[in-house]
Amino acid sequence: MKLWRFNGGLPSLAEHKNESVHLPIETAPVPAQLIYPLLQHIGNPAVPLVKVGDKVLRGQKIADAQGLISSPIHAGSSGTVSNIGEHLIPHPSGFSAPSITITTDGEDQQLEHTPCADFRQLSAIELVAIIREAGLVGLGGAAFPTAIKLDQQHKTKPIETLILNGAECEPYISCDDRLLKERAISVIKGVEVLLHMLACKQAILAIEDNAPDTFSSVQAAIDANGNPQIKVVKIPTIYPTGSEKQLIKTLTGKEVASGEIPADIGVVSINVGTVYAVQQAVIEGKPLTSRIVTITGEGVNTPHNLEVRVGSRINTLIEVCNGYTNKAERLIMGGPMMGFALLNDEIPVVKATNCILVASKNEAVTDKQAMPCIRCGACASACPVSLLPQQLYWHSRADQAEKAAKLNLLDCIECGCCDVVCPSHIPLVQHFRHAKSALKADKHQKHLADIARERFEAREQRLALEKAERAEKSRKKKAALKARAAKKEIEAAASRAKEKQQATSNDES
Amino acid sequence: MLWVLIALLPGCITMIWQFGYGVLFNIIICLSTAVVAEAWMLKLRGRNIKPFISDLSAVVTALLLALALPTIAPWWLPFVGTLIAIVIAKHLYGGLGYNPFNPAMVAFAVLMVSFPKNMTVWVLPSSLLANDIGLAETAQLVFSSLSSSPIIDSITAATPLDEMKTRLNLSQTTDEIRHAAIFSNIAGEGWQWVSLAYLAGGCLLIGKKVISWHIPVSLLAGLFIASSIAYLVEPSISPSPLFHLLSGGAMLGAFFIATDPVTAATTLKGRIIYGLLIGLMSYIIRTWGGYPEGIAFAVLLINMTVPMIDQYTRPRVYGHK
Ligand code: SF4
Ligand code: SF4
């Protein structure tokens, strides 16, 4: 198959897969507590369906989607709801947010689930509903509600290509690789479901060429399945080829226009972990309550690929890995390139958590002193989006986020390539994130100002109206008064005339 | 930056070998002045001295200036030049990364304009000297007043580029001119070896990925194209393209001066345009300008166009038309 090349990227980034890629998936024990932040997907937070003290079973929906872009949450084991309130969530800024805590009872009782004998009997609309109800979100890290991606009702363009993203390009992470090695048959089944839903004719599962074993296991599963519409391709290992837009370019040569989505060019791309969850939800009837997480780095004694209940605290997983080593320096959720540091290990695993990297000092991002930019252009050559990071940096640093936005700051995927190649060790991405949030804040401010202005204008209008009404009223009143006065005068005149008349008649008499 | 210094070594050695110890004195004076001036400026500006000194950028600037100066110069010439480069052209513009003009070339240009007499006196290549000038003798020349020295006239001459230009202005043809002793086979006695040494160092830098090929190749191409056209049209009064490439500062400029990232264009397309423009401009200055050597002025002029080049050569961003 012909492949295309996106700009830049890092072909020789140290992969660090050997630490964990050979480790089979093990199941983590059910922890004493499960914590579910209500917002662990893109969109609106879910709303709780339970209250403190309620008994729940595994697979029971404990919070429901709110609005279109949202996702329900299901209990990962049986137990009692022990708290609904703020809890530390995985977030770069160390926020707390509303969460449901379940104290498990150790029995792990499940809600009945009904497998589906033949998914082809179901319509796309019914399947979308099942996937939405199962709480599926993008498990590659983005956590966008999967049902929306798959809902073709409002889309005009037919989907020509379904891309299954098995290019786990970020260093250290091996959960998708293990999944494809061990459960390829289920994944391919999931692909069939998706093809059926999307009425799409071809599916391409992409795997980086540094994982030949994985490739053969997927090939074997495809051969066993026999569906000619599904194929697996090897793509060059160039970070960040697993990033959605870069992968689409690699496989189709097409680019997703800025601000648009892949469906606009007839492509849907889904992470293989999510495909597995689709198979579980549709064929087995199981909602999303667990996922595979890689726990790795020099900071843990025995790295693992663990099947984990979503909601498990990170420290319970570290225990499975026989604790921290004395090299443990920094806790990172996600990989070293696009992940973020966590405040502590009380934070729960969420649906988007693909990796916990316990980094040692030399694995953590370097703390070398940043020197001035020497305009060497290395960052621009490495940028997979063809941005000019050096100029973005210049504007971001000078608090000119607007100018940076003109240079397409918002197209930056925060992949970190520019950071890695910068000879002056400038933390470029940090500046870009900052500038992006400044833009967002600006927009919000503008929005608030707009609202305030509208309110002000409405009030002015109302006041003017009221004033006019009052004026009208007082005019009427005055007129009425005048009329009354006039009437009185007439009456008075009439009575005077009468009196006169009477007086004259009296005189006469 | 360390690789830049290493890559300049063959050039330095050839220069000293061909033109004597004057070059060595230039280098020593420039480097020591640069380090002291850099540290002093960093201190005044309240910066951390160590990481900035150890990035070697001041040393590279100083060495480039030293190699561009005349091969025998009174001590104050490299001294003043280095101060101009480091204090004015670099730090007064905001220090590393902020200077729009190449500091070494600013210094060179200021010296050229202010002390034209000293800047055009070059020692004859050693092969043309009756007897070599020793270290002590050179030191004496450098530190005593040079111009009053009686022997100075006997050991110095204009550079081949200078000579070529002067004589062309006297309506001699290139053929006649090339019989003069300083024009050996191609580009002038001594010069071609120096140029080849810079070329070798430049290739090392490209091989080591310290610089990309875009600027040097396009600069030399610009110079080559312009001189070839002239040579084809009027060979009798136009020096050959090879003469242009191998004489004066063409190689030093192409591989070591124009490639200074701070003052060059940053986009790939932009760098090719930048290099071509410098090459063309050098040819124009060499041929019609008031100075025999055009590289320095060409670099400075084209430095000014960098913001514009950068703006018009932005790459197409993913997902944009
Ligand atoms: S982080 Fe942004 S600017 Fe830097 S390389 Fe990635 S996309 Fe380009
Ligand atoms: S890589 Fe660093 S030093 Fe080089 S241009 Fe980019 S920001 Fe500047």
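This is a predicted model: local features need pLDDT of at least 70, side-chain atom pairs count only at pLDDT 80 or more; totals for chains, interfaces and linings use all residues.
I number residues from 1 along each chain as its sequence is written, letter chains from A and number ligands from 1 in written order. Local features need pLDDT of at least 70, side-chain atom pairs count only at pLDDT 80 or more, totals for chains, interfaces and linings use all residues, and side-chain values use heavy atoms, without hydrogens and water.

**Ligand 2.** I looked up the residues around ligand 2 (a heavy atom within 4 Å). Among them are A:C373, A:C376, A:C379 and A:C422. A:R375 and A:Q390 are also listed. By class, I get 8 nonpolar, 3 polar and 1 charged residues. Here Ala, Val, Leu, Ile, Met, Phe, Trp, Tyr, Cys and Pro count as nonpolar, Asp, Glu, Lys and Arg as charged, and the others, Gly among them, as polar.

**Chain B domains.** Domain 1 spans 1-157 and domain 2 spans 159-315; the bounds come from an automatic or database assignment. Their contact (heavy atoms within 4.5 Å) takes 33 residues from domain 1 and 30 residues from domain 2. About 2800 Å² is buried between them, 81% of it from carbon and sulfur atoms. Buried area is the accessible area (1.4 Å probe) lost on putting two parts together, summed over both. B:W3, B:N102 and B:M105 supply 19% of the area domain 1 buries against domain 2, more than any other three residues.

**Charge check.** The side of domain 1 that touches domain 2 has 25 nonpolar, 8 polar and no charged residues.
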